[in-house]
Amino acid sequence: MNKVPVFVLIFTFSAIFLVTYEGCNKYVKKTTIEKESFGTLPNGKKIDIYTLQNKNGIELKIMNYGGAIVSARVPDKNGNFADVVLGYDSLQGYLKDNPYFGPIVGRYANRIAKGKFALKGKVYTLALNDGPNHLHGGMKGFDKRVWDAVPEKVKNGVALKLHYFSKDGEEGYPGDLNVTVTYTLTNNNELRIDYSATTDKPTIVNLTNHTYWNLAGKGDILNQEMMINADKFTPVDSTLIPTGELKSVRGTPFDFRKSRPIGDQINEDDPQLVYTHGGYDHNWVLNKNVPGSLTLAARVTEPISGRVLEIWTTEPGLQFYSGNFLDGSITGKNGQVYRKHDAFVLEAQHFPDSPNHPNFPSVVLKPGEKYTQTTIYKFKTVQ
Ligand code: GLA
């Protein structure tokens, strides 16, 4: 029998080891956060975009203009990544024609009837930027502000801590408000958003995030299956202001207690779906035994890719908007034209027009108190 010299054996095994190690290493991603320039505002202010990546390769891009989520690349059941968020390739798009693609929304997310509310007997008047009503914080809400951003490495991932100071009287709201919003991407494939705020005068606060999701990364969302953990919703009038009723979803197109395609009943001849320009744009009353506890609000499944998005929140309500106002006039990332029902928005929040409905959970924040809300988006897959 021929003897193989020892050094040949050592050399061969080392070579095999190195090739295998390198091969595996390609797939082991690092948890990183990096900053790049994303352009300049007309007033000369520089805007940055942060890329957060977890060890499984999930990658989020967040800019400090509006604290907006610009992209989210997540895997399907076969490990193929796609961007599941609508938006623009450049800052200019966000400044031009922007139906709230991805930002933090405040000081009061959603609508306030006729832009009026009272605190301690004093009536406050806000801008009417949605027909007869006030929407999403007014003409220049938190979505159009530049936030201070601090990237952080945290225990199980990376985080971007954003801060904005909203001064007394801004957009008509009383009180200096200090707002902090922290986006954390964990190695458990979660995007966690922690919001907090304090004020020096009684005010109202309702913060949310307004990302447009499409788990297929393209096309419409009508076959994506939605579950909303709510027995009731808040019906609206023709201007999308809640009537005040908490109505059972049973027997209505609003019953998403069992997962079913979004498009199932979206075109039904129900006045509630007509007021909204054809589709969902309503607040669901989330089932919660303990107010303020972090519970599952919704789960969306895309049957072909197997991508799943779960939303957990401490908030009492969830606005589900089915992209009804998208009309093909916007060309977004990679030349994609955004048409009606090409995305869903799930806004964890307090109920619309709460200041004018004493039966809704309160949105009043007083000096010495701390507003907090946590919402977690979990990216999963099914076979
Ligand atoms: C929210 C509202 C919708 C619409 C969008 C932005 O989701 O509820 O009616 O205004 O924002 O287009």
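Predicted model: local features only at pLDDT ≥ 70, side-chain atom pairs only at ≥ 80, totals over all residues.
View 1. Thr 184 belongs to strand β13, which covers residues 177-186. With a relative accessible area of 12%, Thr 184 is buried, because this value falls under the 20% cut-off. Leaving aside residues up to four places away in sequence, the contacts of Thr 184 are Val 154, Val 158, Ala 159, Glu 190, Leu 191 and Arg 192.

**View 2. The largest pocket and its lining.** The largest pocket holds about 540 Å³ of space. Its lining comprises 27 residues, and those closest to the centre of the pocket are Asn 98, Pro 99, Tyr 100, Leu 135 and Tyr 212. Two or more lining residues come from each of the elements α2 (91-96) and β25 (317-321). Helix α2 provides the largest share of this lining, with 3 residues. Classified by side chain, the lining of the largest pocket consists of 11 nonpolar, 10 charged and 6 polar residues.

**View 3. The second largest pocket and its lining.** In the second largest pocket there is about 320 Å³ of space. A set of 16 residues lines the second largest pocket, and Leu 41, Asn 43, Lys 45, Lys 140 and Val 146 are the ones nearest its centre. Strand β12, formed by residues 157-166, makes the greatest contribution to this lining, giving 3 residues. By class, the lining of the second largest pocket contains 8 nonpolar, 5 charged and 3 polar residues.

Key
Residues numbered from 1 in each chain as written. Heavy atoms only, no water. Helix = DSSP H or I, 4+ residues; strand = E, 2+ residues; numbered from the N terminus. Buried < 20%, exposed > 50% of the residue type's maximum accessible area, 1.4 Å probe, protein only. Contact = heavy atoms within 4.5 Å. 1 Å grid on protein atoms, 1.4 Å probe; cavity = no way out; pocket = protein on both sides within 12 Å on 5 of 7 lines; lining within 4 Å. Points joined across faces, edges and corners; volume = space filled by probe spheres on them. Nonpolar A, V, L, I, M, F, W, Y, C, P; charged D, E, K, R; others polar.
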